[in-house]
Amino acid sequence: MKIMENSELFYRHYDALFRHKDYAREIDLIFKLAQKFGVLQPTHMLEIGCGTGNHTQELAKSGIPLTAIDIDKKMITLAREKLVRNNFNHVRFSTARIDRLAEKNFDLIVAFFNVVTYIPDDVQLKIFMAGVAKRLAPDGIFIFDCWNGVAVLRDPPHTKTIRMNQHGARIVCKLDAHTDAFNQKTLLTYRFSVHHDKKTETGNYAFMQTLWTPTQITAALAQAGLELLLCSPFMKPSKPARATDWKIIFCCRKPRYKPQRSKN
């Protein structure tokens, strides 16, 4: 679910909102995990939920063929403009959903910045994971991060205010968070007030996040035939995830051979 009132402000100031996020370090971790689990040098990569292209740009620096998808057309437009502006011309963009993407045989698939948390229900989660599995090459690796529903339900996000300056404007963004524990949902609403010399713009952008538990996610991975290799606190792959880790990372593999079921 999305609620958009003058949503242009959200898109316009998205990069400024997340300016402190270390995209380069996160992509470096992705490549290290891929190497650890056998993908020493990816030949064909897919990014799911590319947003405005900040992770995309870091992936593209490798020079490896890359497809980046996002169902939000405005995000794709921003990402494409950014990558072209910075001379990364080997990236293909698409608004196709993962289960409808024509390309296959990716040896590395990435879905970072809580992409899985946007999936609304169990049916769509299973469709998503099955779509990933179908497009992975044998022995291919899928790495993604998400909120840990167990930790978020214990310690829900709180309302906060973000203040910043950009292009001569003073921006105040109030982030409201309302959590429905029974239905495992959090509604995030970004309320913008952008002050220029002679005018003030206001706008809202809201979306729902699903508080998936690790058990729900691992069940969907197993049903899709993906082998779980790692579930750790975000950016701490040497440790196992715990109930108190608010954000976690998963690493999975598509087995080359399907395990044979016992006839007994």
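How many residues does helix H3 have, and how far does the helix reach from its first C-alpha to its last? Helix H3 (residues 23-36) has 14 residues and reaches 20 Å between these atoms, close to the 20 Å expected at 1.5 Å a residue; the expected span is 1.5 Å times one less than the number of residues. The model is predicted, with local features requiring pLDDT of at least 70 and side-chain atom pairs pLDDT 80 or more, while totals for chains, interfaces and linings use all residues. Residues are numbered from 1 along each chain as its sequence is written, and side-chain values use heavy atoms, without hydrogens and water. Helices (H or I, at least four residues) and strands (E, at least two) are DSSP runs, numbered from the N terminus.

After H3 comes Gly38, with a positive phi near 110°.

Seven strands form an open sheet of mixed pairing in the order E4-E3-E2-E5-E6-E12-E11, where pairing requires at least two DSSP bridges between two strands. Strand E4 (91-94) and E11 stand at the edges, each with a single partner strand, so one side of each lacks a neighbour in the sheet.

Strand E3 (residues 66-69) pairs with E4 in the parallel sense over 4 bridges, and Ile69 stands opposite Ser94 in E4. Helix H5 (residues 73-85) packs on the sheet and touches E3 and E4, contact meaning heavy atoms within 4.5 Å.

Technical notes
Axes fitted to C-alpha atoms, helices over the stretch in contact; angles between N-to-C directions.
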